[in-house]
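Please look through the sequence and the structure below, and then read the briefing that follows, which is grouped by topic.

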Amino acid sequence: MTHAILPGRTARERRADLRALLASDRVVVAPGVTDAAGLRLVEEAGFETAYLTGAGLANAQYGLPDIGLISQREVADHVQRLAGATGLPVIVDADTGYGGPLAVMRTIRMLDAAGAAAVQLEDQVLDKRCGHFDDHRLITVEEMTAKIRAALDAGGDDGPVLVARTDARGVHGLDEAIRRARAYAAAGAEVIFVEAPRGVAEMRAIGRELAGIPLIANIVEGGKTPELGTAELGELGFRVALFANYLMRSMMQAGREALAHLRAEGETRTRADRLLPWAERQSLFGLGAYTEIDGRYGR
């Protein structure tokens, strides 16, 4: 694992890793994370990339719903913390890019400097909403393609992988979502994300109509998209499987149960077997490695 006080893997190395994963012939699983502890768990579990979920960031770090209330600087600062906690490439949900093309350019540069391997932009208006909510409003195809061009110009030849997401399925239907996806790929987006398809037939149509383009499927438990496994997603033509809030919701449920026990029983010892052991906690955060490094300087 990466140790923040020593030089870690560069953003360029992380991007190269992600592009190699996208070029492989298997489905890349990207669990969602909201903090460095979750990212450490993802790395420990053997995953090769992670997804900084905008919804999870709003929920877990700010106690807010996913309705476009988190700022550009807040996201960039959080990405920097994540990049210091691991060498994994992180795909960053940057919502709408926080404005028009000039704002998008600044967003790309900030997230690149913070260590993002990929940046996701979507075609909602600035006060966006979670893709599995209702009542979305979209910008035009022309406005979105201008943002994509601006993002690519800001990133340069070796900038973050650009993911373009469309929320058109819930507003204008699947045909319009596919039309927009094609336009975004033609504008230069490396990865396409058609959010919230309804049913396996729609997912199959997306895979068929956008064949040859790396595609993201977002599995939201209880959301609008079928909760398929990675093998099924691969057969339908998807290259990346996001499980954006699975880890956060699992940890929240475990936390709710733990607090209910403490409230009811007034003690924790009878539940100790359901806690991460002390030594494993220290190992997860690299205490042994930090102690060894400290010893090099005479401590």
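Asp 95 counts as buried because its relative accessibility is 7%, where buried means under 20% relative accessible area, exposed over 50% and partly exposed in between, with a 1.4 Å probe and protein chains only. This is a predicted model, in which local features need pLDDT of at least 70 and side-chain atom pairs count only at pLDDT 80 or more, while totals for chains, interfaces and linings use all residues. Residues are numbered from 1 along each chain as its sequence is written, and side-chain values use heavy atoms, with hydrogens and water left out.

**Residues with positive phi**

- Asp 95 lies in the loop between E3 and helix H5 (101-114), where helices (H or I, at least four residues) and strands (E, at least two) are DSSP runs numbered from the N terminus.
- Asp 95 has a positive phi of about 50° although it is not a glycine, and Ala 196, also not a glycine, has a positive phi of about 60°.
- Most residues other than glycine have a negative phi.
- Ala 196 is found in the loop between E6 and H9, and it counts as buried because its relative accessible area is 1%.

**The barrel**

- A closed barrel of 8 strands runs in the order E1-E2-E3-E4-E5-E6-E7-E8, with parallel pairing, where two strands pair if DSSP finds at least two bridges between them.
- From one strand to the next, the twist averages 25°, with axes taken as lines fitted to C-alpha atoms, for helices over the stretch in contact, and angles running from 0 to 180 degrees between N-to-C directions.
- Helix H2 (residues 36-44) packs on the sheet and touches E1, strand E2 (50-52) and strand E3 (90-93), its direction making about 155° with that of E1; contact means heavy atoms within 4.5 Å.
- Strand E6 (residues 191-194) pairs with E7 in the parallel sense over 2 bridges, and the bridge partner of Phe 193 in E7 is Ile 216.

**Strand E8 and its neighbours**

- Strand E7 (residues 215-218) and E8 pair in the parallel sense over 3 bridges, and Ile 216 stands opposite Val 240 in E8.
- Strand E1 (residues 28-33) runs parallel to E8 and is joined to it by 4 bridges, with Phe 243 in E8 as the bridge partner of Pro 31.
- From strand E8 (residues 240-243), Val 240 and Leu 242 point one way while Ala 241 and Phe 243 point the other way, and all are buried.
- E7, helix H10 (residues 230-236) and E8 make a right-handed β-α-β unit, right-handed meaning that, with the strands pointing away from the viewer, the path from the first strand over the helix to the second runs clockwise.

- Ala 244 is found in the loop between E8 and helix H11 (246-265), and it counts as buried because its relative accessibility is 5%.
- Ala 244 and Tyr 51 are 193 residues apart in sequence, yet 6.7 Å apart in space, C-alpha to C-alpha.
- Leaving aside residues up to four places away in sequence, Ala 244 touches Gly 32, Val 33, Tyr 51, Thr 53, Asn 218 and Ile 219.

**Packing of two helices**

- Helix H8 (residues 174-187) and helix H9 (residues 199-209) pack at an angle of about 30°, with their axes 11 Å apart.
- That angle makes H8 roughly parallel to H9, since angles under 35 degrees count as roughly parallel, over 145 as roughly antiparallel, 65 to 115 as roughly perpendicular and the rest as oblique.
- Leu 174, Ile 178 and Arg 182 in H8 meet Glu 202, Ala 205, Ile 206 and Glu 209 in H9.
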